[in-house]
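Dear colleague,

Please find below the structure that I am handing over to you. My findings follow it.

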Amino acid sequence: MTYYERINEMKNTIALDLENAREAYFKTEAELASLIGDYIKGAQVESKAFGTGKVINAQGTTLENLIVDIAFATSVKRFALIHIMSNNFIKFADIFEIGDAWDEALSLHTQLT
């Protein structure tokens, strides 16, 4: 199943009501963060300060706290994915494909919050 199909499945199956809202939110956010984290592992990035790098790890329980480790030629740096997606300091080499995945995930995240 593709990331897009999984996100759509989450959108269609989430049920938030007073009894389960907190648990459903955290469960869905964790799945979403894991999905996007797995999707971007291995992706190439371009940084104005550090040059070309590669995403080697992603961890977090929500899109807002998803942290990525990027290996550059001389060091490994950590960044919040949400900040990478909204700045010009670091950009994914394949921003269109990754941007589409991010937009879908952010749409569900916004719906949840």
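Is phenylalanine 50 buried, partly exposed or exposed? In this predicted model, phenylalanine 50 has a relative accessibility of 32% and therefore counts as partly exposed, since that class lies between the limits of 20% and 50%.

The strands form an open sheet of five, in the order 4-3-2-1-5, with antiparallel pairing. Strand 4 and strand 5 are the edge strands; each has a single partner strand, so one side of each has no neighbour in the sheet. From one strand to the next, the twist averages 35°.

Strand 2 pairs with strand 3 in the antiparallel sense, over six bridges. Within this pairing, glycine 53 is placed opposite phenylalanine 72 of strand 3. Strand 3 is also antiparallel to strand 4 (residues 76-80), with five bridges between the two. These two strands make up a hairpin, and three residues lie between them.

**The aromatic residues**

There are three aromatic pairs in the model. In one of them, the ring centres of phenylalanine 50 and phenylalanine 72 are 5.2 Å apart and the planes stand at 35°, so this pair is classed as tilted. Phenylalanine 50 belongs to the loop between strand 1 (44-47) and strand 2 (51-59), whereas phenylalanine 72 belongs to strand 3 (residues 67-72); the pair therefore ties together parts that are 22 residues apart in sequence. Phenylalanine 72 has a relative accessibility of 8% and so counts as buried.

Phenylalanine 50 also pairs with phenylalanine 89: here the centres are 6.1 Å apart and the planes are at 85°, which means that the pair is edge-to-face. This pair, too, links distant parts of the chain, because phenylalanine 89 is found in the loop between helix 3 (81-84) and strand 5 (90-92), 39 residues from phenylalanine 50. With a relative accessible area of 35%, phenylalanine 89 is partly exposed. Taken together, the ring pairs join Phe50, Phe72, Phe79 and Phe89 into a cluster.

In soluble globular proteins, nonpolar side chains tend to be buried together. In this model, the largest nonpolar core comprises 28 residues, and the ones with the most contacts inside it are Ile36, Val68, Ile70, Leu81, Ile84 and Phe92. At least two residues of this core come from each of helix 2 (21-40), strand 2, strand 3, helix 3, strand 5 and helix 4 (95-112). Leaving out residues up to four places away in sequence, isoleucine 36 touches Leu63, Leu66, Leu81, Ala101, Trp102 and Ala105.

**Isoleucine 7**

Which residues does isoleucine 7 contact beyond its neighbours within four places in sequence? They are Leu32, Leu35, Ala101, Glu104, Ala105 and Leu108. Isoleucine 7 is located in helix 1 (residues 3-13), and its relative accessible area is 0%, so it is buried. Between isoleucine 7 and threonine 28, the separation is 21 residues in sequence and 9.6 Å in space, from C-alpha to C-alpha. Ala101 and Ala105 are among the contacts of isoleucine 7, and isoleucine 36 touches Ala101 and Ala105 as well.

With kind regards

Definitions and conventions: Residues are numbered from 1 along each chain as its sequence is written. This is a predicted model: local features need pLDDT of at least 70, side-chain atom pairs count only at pLDDT 80 or more; totals for chains, interfaces and linings use all residues. Side-chain values use heavy atoms; hydrogens and water are left out. Rings of Phe, Tyr and Trp (its six-membered ring) pair if their centres lie within 6.5 Å; planes under 30 degrees apart count as stacked, over 60 as edge-to-face and the rest as tilted. Helices (H or I, at least four residues) and strands (E, at least two) are DSSP runs, numbered from the N terminus. Buried means under 20% relative accessible area, exposed over 50%, partly exposed in between (1.4 Å probe, protein chains only). Contact means heavy atoms within 4.5 Å. Two strands pair if DSSP finds at least two bridges between them. A nonpolar core is a set of buried Ala, Val, Leu, Ile, Met, Phe, Trp, Tyr and Cys residues joined through side-chain atoms within 4.5 Å. Axes are lines fitted to C-alpha atoms, for helices over the stretch in contact, and angles run from 0 to 180 degrees between N-to-C directions.
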